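This report covers a model with two chains.

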Amino acid sequence: MIISNLELIPGKRINKHLGLVQGSTVRSKHVGRDLMASLKNIFGGELKGYTELLQDAREEATARMIEQATSIGANAVLNVRFSTSSITAGAAELFAYGSAVIME
Amino acid sequence: MADLIVFLVLLGLGYGFGQYFERRHYRSIRKREAELKDLLLIQTKIIPPAYFNNYDTFLVNGSVVISVDYFKRFVAGLRNLIGGRVTPYETLLDRARREAILRMKEEAQASGADAILNIKYEMCSIYKGRRNKIGSVEALAYGTAFVTTNVQTKKSPSHENITVTRSGTKPSELTPAV
């Protein structure tokens, strides 16, 4: 499975386009982490808990996208984009999408 | 009175720690940027023709969530009254973006990548503090890393190869080493 945010991979021909595939997930951290985050809001600096949370969630969203691509018989997802939106304090939606193709 | 004392203490803590963390972070950013400057970031979607036959691509990303401190938020609040540059937030976003790029580069280098193509940024305010004031931002950077599988080109993965091919070498003339 090739995952790339290029629109075309030179030297490899696309045999068939299978349309858009996507994966999303909404995650939140437990209250302890939120408490730490509000403390950090006084001192400034990196919020490691949230970085981790988002990174995990992004992997999950990508995995779901790949799962969908595999189920329709694609062997590559091109032009992948990520998007993040915060829903409430401490919860975020992560969204990954791209176009599924069959490559030679 | 008690409220005022709490406020001033928070402001002092925010100023002290905030400045300290920021200075430390900038030092580390500058150091790592110097270490990683050999890894090219190419903002195009085209893979240099020299690598056509022997390469491998994969997605890399780096992200960071950075929080603003109490003092800066207070200053930014004041700034909102009169308008103008909000410098405290400028450095916050700058740090977040550069850190995200560095993490992406570190991930790419761990896999032995030669360059990263088509980098995209994504920003998101992820945690809003009380009364909907922005507390922290997330910066994400992602791109396609590519690794040459050709042993010869892997040794010198920088500008030279690209210029050579531009001046006339066809991809087919570069014989694969394997």
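The text below describes a predicted model, beginning with the contact between the chains.

Chain A brings 32 residues into contact with 39 residues of chain B. On the chain A side, at least two residues each come from β1 (2–3), α1 (31–43), β3 (45–46), α2 (48–71) and β4 (76–88). By class, this side of chain A holds 15 nonpolar, 14 polar and three charged residues. Strand pairing also links the chains: β3(A) runs antiparallel to β2(B), residues 55–67, over two bridges. One bridge joins E46(A) to I66(B) in β2(B).

Within chain B, helix α1 (residues 2–35) packs against helix α2 (residues 70–82). Their axes lie 6 Å apart at an angle of about 110°. Angles of 65 to 115 degrees count as roughly perpendicular, and α1(B) and α2(B) are therefore roughly perpendicular to each other. The residues that meet are listed by helix.

| Helix | Residues in the contact |
|---|---|
| α1(B) | L10(B), L11(B), L13(B), G14(B), Y15(B), G18(B) |
| α2(B) | Y70(B), F71(B), K72(B), F74(B) |

This contact of α1(B) with α2(B) comprises seven nonpolar, two polar and one charged residues.

The largest nonpolar core contains 48 residues, and V77(A), A100(B), M104(B) and I116(B) have the most contacts inside it. Two or more residues each are given by α2, β4 and β5 (91–103) of chain A, and by β2, α3 (87–110), β3 (115–128) and β4 (134–148) of chain B. The most, eight residues, come from α2(A). Beyond its neighbours within four places in sequence, A100(B) is in contact with G62(B), S63(B), V64(B), A139(B), L140(B) and A141(B).

How values were computed
Residues are numbered from 1 along each chain as its sequence is written. Chains are lettered from A and ligands numbered from 1 in the order in which they are written. This is a predicted model: local features need pLDDT of at least 70, side-chain atom pairs count only at pLDDT 80 or more; totals for chains, interfaces and linings use all residues. Axes are lines fitted to C-alpha atoms, for helices over the stretch in contact, and angles run from 0 to 180 degrees between N-to-C directions. Helices (H or I, at least four residues) and strands (E, at least two) are DSSP runs, numbered from the N terminus. Angles under 35 degrees count as roughly parallel, over 145 as roughly antiparallel, 65 to 115 as roughly perpendicular and the rest as oblique. Two residues are in contact if their C-beta atoms, placed from the backbone, lie within 7 Å. Ala, Val, Leu, Ile, Met, Phe, Trp, Tyr, Cys and Pro count as nonpolar, Asp, Glu, Lys and Arg as charged, and the others, Gly among them, as polar. Two strands pair if DSSP finds at least two bridges between them. A nonpolar core is a set of buried Ala, Val, Leu, Ile, Met, Phe, Trp, Tyr and Cys residues joined through C-beta atoms within 7 Å. A residue is buried if 20 or more other C-beta atoms lie within 10 Å of its own, exposed if 12 or fewer, and partly exposed in between; C-beta atoms are placed from the backbone.
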